[in-house]
Amino acid sequence: MVLLTRKIEFSASHRYNNPELSPEENVRVFGKCNNPHGHGHNYTLEVTVAGEPDPVTGMVLDLSELKKILEREVMQRMDHRHLNYEVPELAGKIPTCENVARVIWDLLEPKIAQGTLHRVRLYESADLFADCYRNGAKA
Amino acid sequence: MRTERGSEVKIELGRRYRFAAAHRLHSARLSEEENSRLYGKCNNPLGHGHNYVVEISVSGKVDRATGMIVNLADLDGFVQHEVLDAFDHRSLNEEVPVFRSEVPTTENLCIEIFRRVRAFPLAKLERVRVEETSNNSFEYAGDDVRSDS
């Protein structure tokens with residue numbers, strides 16, 4: 001098995017706020033991420049696909065195909081958007097790194113026609129990231 | 001529309017921390033000549049240092065109310081207290097008890113950091129990865145007998 005990873009970057013704004021909690025609770029739990037005016041990040045997304053290289057093309061999957069999928073599913077949905085208000089898949093969820101990574105996993109997983117999605121790693125900053133794996137897969 | 005696939009996907013949170021520390025690679029089980037041959041300039045009796053990067057990965061259920069596996073402030077506070085306060089701007093050989101008997105290689109450093117962070121009560125520690133320099137990194141996921149010692 002060979003792993004292939006493609007990296008893209010997008011920028012988006014978000015705010016952490018749970019309407020079921022009081023304003024004071026929200027500040028206590030989310031700190032400055034609760035700022036009513038929101039804030040933003042430069043996200044880096046690494047998408048890893050696992051598979052055997054095709055004997056004819058030598059590829060696990062065509063990178064240009066993966067690029068198109070990432071453009072359509074992630075860039076057009078999230079780049080320069082407000083994650084709380086403009087991404088329907090995140091409606092009702094706090095747009096944490098964990099939740100955004102999981103939404104991206106769910107968007108990409110059915111679209112990968114060759115190989116299988118192995119890992120989605122989403123960096124919110126250089127020092128904070130979330131990983132999604134298929135359960136049981138070796139990190 | 002979308003089927004529930006929660007059990008099929010595992011989510012981890014990764015966090016990077018930094019500390020600077022001195023060390024000297026020297027094994028009491030080897031002769032002076034063997035130490036010098038094996039560790040080269042890392043055996044310098046006066047020691048040397050690195051800017052270490054520690055990557056901690058934890059897993060757990062994403063809390064619906066917060067969207068988080070764990071509140072970062074809790075993880076940061078724990079790592080600060082258990083690891084960074086004990087290692088940053090210190091001599092690993094002289095000031096971290098385990099390295100009085102073990103050689104403070106980055107392999108052993110991974111194991112020691114894993115041992116310390118494993119006690120974190122709010123999420124499951126999956127992995128510790130340490131960069132000694134930007135060119136050398138080491139990972140430990142707790143599958144070694146020594147992690148239980």
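**Exercise 1. Where is the kink in α2(A) centred?**

Solution. In this predicted model, α2(A) has a kink of about 35 degrees, centred on Glu71(A). The bend at a residue is the angle between axes fitted to the seven residues ending there and the seven starting there. Helices here are DSSP runs (H or I, at least four residues), and strands are E runs of at least two, numbered from the N terminus.

Residues are numbered from 1 along each chain as its sequence is written, and chains are lettered from A in the order in which they are written. In this model, local features need pLDDT of at least 70, side-chain atom pairs count only at pLDDT 80 or more, and side-chain values use heavy atoms.

**Exercise 2. Which residues of α2(A) are buried, and what covers them?**

Solution. Buried means under 20% relative accessible area (1.4 Å probe, protein chains only). The buried residues are Leu66(A), Ile69(A), Leu70(A), Glu73(A), Val74(A), Met75(A) and Met78(A). Their cover includes β1, β2, β3, α3 and α4 of chain A.

**Exercise 3. Is Thr44(A) buried or exposed, and which residues does it touch?**

Solution. Thr44(A) lies in strand β2 of chain A. Its relative accessibility is 16%, so Thr44(A) counts as buried. Contact means heavy atoms within 4.5 Å. Leaving out residues up to four places away in sequence, Thr44(A) touches Lys7(A), Ile8(A), Glu9(A), Arg121(A), Leu122(A) and Tyr123(A).

Definitions and conventions
Buried means under 20% relative accessible area, exposed over 50%, partly exposed in between (1.4 Å probe, protein chains only).
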